[in-house]
Amino acid sequence: MNGDTSENRLGDYLRARRDLVSPTQAGIPAGANRRVPGLRREEVAMLAGISADYYLRLERGRDKNPSPQVLESLARVLHLDDVERTYLLGLAAVLPRKPRRRRPEHVPARIHQLLAHLPVPAFVEGRAFDVLASNPMGVALSPRLRPGYNRLRSFFLDPEEQAFHDDWEKAAASFIATVRTTIGDDTDNPRFVELIGELALSSQRFRTLWARHAVRDLVGGTVTVHHPGVGELRLHRDKMAVEDVILVVYYPDKDSDSDEKLRLLAAMSQQEERAQDSHPASAGERRPSAP
């Protein structure tokens, strides 16, 4: 896939992760003449109880079928959490890949109805983070949640999206780790190839984060954003799988300051809708880039 250095996914992951483990974390004296930011290959091999030559073969892709015991030892040495450990085990799986039948992503009719009734920001995204549907509150929260936009592209290439997030750097690292998990072994998906290739060429920050090979579960959380109209909002975000797509909902704590601001945003959105109904948008209105 564009944006990766090779198809040696297991070796790339091992190399990226050992760079993130300091000698101190591993219980090794740092010394004054180290040339690598993390652990050396021979140090990883020693701590995992395998030969340095065998570990070198793993990193260089000359042995792609290590035993589960070896992988468990490497996960321990590299300080992987449960999600990262599962990802590592999956990289070494030798299950034959079957040709994938790619179906167009479809938003069920009942989800369109649900979006219309939800009083809080909500939208539907596809596997490659394309916005497929959204409700008026979702668009009021961010115009980049309008159908036709891609959340990953907006996140790294749109300055307004970067200013929208309270801690964009932290959010970016989390987002890329989620993308890694989402892609999994579907590395030949044309949509992923196109998107990752474009971002690898256009964003230095994306290239740096992508090279770390970090992974995390596709879960919700709590985010703080800066809306140009109502100010700072602290919102919970939940993600729910519905058939082949993901429903994402943002909501505040009840009776909180953000709850009050979200109600104000709803009123502003309704007022804007009434104004647009009275004065239809011109043909020159801005359109999102093609997904």
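A polar contact here is a pair of N or O atoms within 3.5 Å; within protein, one has to be able to donate a hydrogen and the other to accept it, and residues adjacent in sequence count only if both atoms are side-chain atoms. Keep in mind that this is a predicted model, where local features need pLDDT of at least 70, side-chain atom pairs count only at pLDDT 80 or more, and totals for chains, interfaces and linings use all residues. Residues are numbered from 1 along each chain as its sequence is written, and side-chain values use heavy atoms, with hydrogens and water left out.

Let's start at Ser 134, which sits in strand β2 (residues 131-134). A polar atom of the Ser 134 side chain lies 2.9 Å from the backbone oxygen of Leu 145. Leaving aside residues up to four places away in sequence, Ser 134 also touches others, including Phe 123, Val 139 and Pro 147; touching, or contact, means heavy atoms within 4.5 Å. Strands (E, at least two residues) and helices (H or I, at least four) are DSSP runs, numbered from the N terminus.

Now for the helices. The axes of α1 (residues 9-18) and α4 (residues 52-59) come within 7 Å and cross at roughly 115 degrees. Axes are lines fitted to C-alpha atoms, for helices over the stretch in contact, with angles from 0 to 180 degrees between N-to-C directions. Since 65 to 115 degrees counts as roughly perpendicular (under 35 is roughly parallel, over 145 roughly antiparallel, the rest oblique), α1 and α4 are therefore roughly perpendicular to each other. Gly 11, Leu 14, Arg 15 and Arg 18 of α1 meet Tyr 55, Leu 58 and Glu 59 of α4.
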